Amino acid sequence: MSERYAVIGQPVAHSKSPWIHEQFARASGQSIDYGLIEAPLGGFVRAADEFRAAGGKGLNVTLPFKEDAYQYCAQLSPRARDARAVNTIRFGAETFGDNTDGVGLVRDLASLGAELRGSRVLLMGAGGAARGVLGALVEAGVARVTIANRNETKAREVATRFRGVSAGGYEALKPEFDFVINATSAGLSGNSPGVPLDVLSRAKLAYDMVYGMETPFLAAARAAGVRACDGLGMLVEQAAESFFVWRGVRPDTAAVLQELRGR
Ligand code: NDP
């Protein structure tokens, strides 16, 4: 019988994770059953417990439950601990929580030819996604990461937890970044996080973690002549790392991403 996995979130109907994991399973000759769980706000623990009791082997966790999942897991990987957010749960004797967003971003940036070592990175946002990638950016050898967030206090609080990371508001930013990464959800509501145009114009690459749409941030980058990429590659790469956490097999991502882009 196929082992059961699912993505849990609110809303979750739009999720591409079931399709992506089915491709990974097929390509690696495995059989899994991957579903969707739409849990009510405040209903994460109950839904996760029920899935586990019904024989579920693992969960992907998306908005708004990554912090609930962090609290829920008895064991945490160092990267989940750093992020204080969990996007991958493996059920076993103990419930293990991991965060694969950072690996996902760094692998996608590498496949886009972005040389992170020694670079200066502006990371916009201080929510779960931003926290999830900071550790991986630092580990990739960046010279400096600056976090900017609408709520500056939150940015400062996050920055203090990572070595070599500083924080500030959007107005104080100088045009000195090689990579400008949007880890805010502003694009989902048709907004841009407010990065000054001179900062954006100087970047080699503008990257928005939101995918499947031309966000105002990506449109502004393109209009300024800056290479602009959405977060679809990160989505596939973080999923591949989750698949590895569950199944011990690292699936090939290029073909899956190519097919997803073609859809
Ligand atoms: P959170 O809700 O935890 O954080 C949202 C962040 O966006 C906060 O920093 C918030 O600022 C900021 N923000 C929201 N609206 C605006 C706005 N209008 N202007 C400026 N800043 C704004 O979300 P996550 O961090 O979990 O996710 C962020 C985005 O990343 C989501 O859109 C998600 O889809 C995407 N994502 C993509 C992944 C991928 O694989 N491609 C993986 C993970 C996430 P403030 O603190 O001031 O409220």
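In this predicted model, helices α5 and α10 are oblique to each other, because they pack at an angle of about 130°. Their axes are 7 Å apart.

**Where α5 meets α10**

- To find this pair in the structure, look for residues 101-111, which form α5, and residues 232-247, which form α10.
- Why does the pair count as oblique? An angle from 65 to 115 degrees would be roughly perpendicular and one over 145 roughly antiparallel, so α5 and α10 are oblique to each other.
- The crossing of α5 past α10 is right-handed.
- On the α5 side, the contact uses D101, V103, G104, L105, R107 and D108. Their partners in α10 are G233, M234, E237, Q238 and E241.
- Sorted by class, this α5 and α10 contact holds five charged residues, along with three nonpolar and three polar ones.

**Two nonpolar cores**

- How many residues does the largest nonpolar core have? The count is 28.
- L105, L123, I181 and M209 have the most contacts inside this core.
- Several elements give two or more residues to the core: the helices α5, α6 (128-139) and α7 (152-159), and the strands β7 (120-124), β8 (144-148), β10 (179-182) and β11 (205-208).
- Which element gives the largest share of this core? That is α6, with four residues.
- Setting aside neighbours within four places in sequence, L105 is in contact with V133, L137, I181, Y207, M209 and M234.
- There is also a second, separate core, with 21 residues. Among them are L235, A239, W246 and L260.

**Helix α11 and its two partners**

- Helix α11 covers residues 254-262. It packs with α10 at an angle of about 140°, and the two axes are 10 Å apart.
- That angle makes α10 oblique to α11, and α10 passes α11 in a right-handed crossing.
- The residues that meet are L232, G233 and V236 from α10, and V256, L257, L260 and R261 from α11.
- In this contact, five residues are nonpolar, one is polar and one is charged.
- The other partner is α1, whose axis comes within 10 Å of the α11 axis and crosses it at roughly 140°.
- α1 and α11 are therefore oblique to each other, and α1 passes α11 in a right-handed crossing.
- From α1, the contact is made by W19, I20, Q23 and F24, and from α11 by V256, E259 and L260.
- By class, the α1 and α11 contact has five nonpolar residues, one polar and one charged.

- Where is T62? Look in the loop between β3 (58-61) and α3 (66-72).
- T62 counts as partly exposed because its relative accessibility is 28%.
- Beyond neighbours within four places in sequence, T62 is in contact with V7, I8, G9 and V12.
- T62 and E237 are 175 residues apart along the chain, and their C-alpha atoms are separated by 15 Å.
- Y211 sits in the loop between β11 and α9 (216-223).
- Not counting residues up to four places away in sequence, Y211 touches K16, D230, G231, L232 and L235.
- Y211 and L235 are 24 residues apart in sequence, and the distance between their C-alpha atoms is 8.3 Å.

**Backbone details to look for**

- A cis peptide bond joins Q10 and P11, with omega about 5°. P11 is in the loop between β1 (3-9) and α1 (17-27).
- L63 and P64 are also joined by a cis peptide bond, here with omega about 0°. P64 is in the loop between β3 and α3.
- R84 is a residue other than glycine with a positive phi, near 55°.
- You can find R84 in the loop between α4 (78-83) and β5 (88-90), where R84 counts as partly exposed at 37% relative accessibility.

Key:
Residues numbered from 1 in each chain as written. Predicted model: local features only at pLDDT ≥ 70, side-chain atom pairs only at ≥ 80, totals over all residues. Heavy atoms only, no water. Axes fitted to C-alpha atoms, helices over the stretch in contact; angles between N-to-C directions. Parallel < 35°, antiparallel > 145°, perpendicular 65-115°, else oblique. Left-handed = near helix turned anticlockwise from the far one by under 90°. Contact = heavy atoms within 4.5 Å. Nonpolar A, V, L, I, M, F, W, Y, C, P; charged D, E, K, R; others polar. Core = buried A, V, L, I, M, F, W, Y, C linked by side-chain atoms within 4.5 Å. Buried < 20%, exposed > 50% of the residue type's maximum accessible area, 1.4 Å probe, protein only.
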